[in-house]
Amino acid sequence: MNPELTYLKAYPESIQAQVKLLIQNQKLGEFLRKKYPVLHEVRTDKALYVYVQDIKTNNMRNGEQISKIMYDNKLHVISNALGTHTYVSRIQGNKLKSKHEIRISSLFKQVPEEFLKMIVVHELAHLKEKDHDKAFYKLCSYMEPNYHQYELDLRLYLTQVEIFGAGEGIWNAQKIS
Ligand SMILES: [Zn+2]
């Protein structure tokens, strides 16, 4: 198996090689589950709204208002040839110019809190910084000091889903109805 690692193209060859090894040994899912054992409980749009507003209140003074915050099951992250931030640019595609809407792929309903935090921080940072530039990542890291680590690990998870499918959810054992 020689997977493409579409989500990891921007990372060094040494990291990609390690990930390929984990995939070949069918250990990537286990690796992620051990590192992030617990799923978050932010399962509804209402809970997501509170979760996002909390992070915003704690980190952004006089940030712009967000008119809508929701999970969106039409935002599929997988199955495309990806650049560095396809899932995010799709989200931006749904954003009205004067009104900020944050749509998070429903895929994030069943992930560890760290991954949800990362994507929420990313979207909140876009309220102030449109581009993925230095100022943008500085703001992300301010809101979540482990931002870069979580982004890498989220990308590992997306890689896992792309190769093995979401049906083989690696946290399935914990699934609560
Ligand atoms: Zn972005």
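A nonpolar core is a set of buried Ala, Val, Leu, Ile, Met, Phe, Trp, Tyr and Cys residues joined through C-beta atoms within 7 Å. This is a predicted model: local features need pLDDT of at least 70, side-chain atom pairs count only at pLDDT 80 or more, and totals for chains, interfaces and linings use all residues. Residues are numbered from 1 along each chain as its sequence is written.

**The largest core**
- The largest nonpolar core has 36 residues.
- Phe-108, Phe-115, Leu-116, Met-118, Ile-119, Val-121 and Tyr-157 touch the most other members.
- H1, H2, H3, E2, H5, H6 and H7 each supply at least two residues of this core.
- Helices (H or I, at least four residues) and strands (E, at least two) are DSSP runs, numbered from the N terminus.
- H5 gives the most, with eight residues.

**Helices H5 and H6**
- H5 (113-128) and H6 (134-143) pack at an angle of about 130 degrees, with axes 9 Å apart.
- The contact (C-beta atoms, placed from the backbone, within 7 Å) uses Val-121, His-122, Leu-124, Ala-125 and Lys-128 of H5 and Phe-136, Leu-139, Cys-140 and Met-143 of H6.

**Glu-101**
- Glu-101 lies in strand E2 (residues 100-105).
- Glu-101 is partly exposed because 16 other C-beta atoms lie within 10 Å (buried means 20 or more, exposed 12 or fewer, partly exposed in between; C-beta atoms are placed from the backbone).
- Glu-101 and Gln-65 are 36 residues apart in sequence and 9.2 Å apart in space, C-alpha to C-alpha.

Definitions and conventions. Axes are lines fitted to C-alpha atoms, for helices over the stretch in contact, and angles run from 0 to 180 degrees between N-to-C directions. Two residues are in contact if their C-beta atoms, placed from the backbone, lie within 7 Å.
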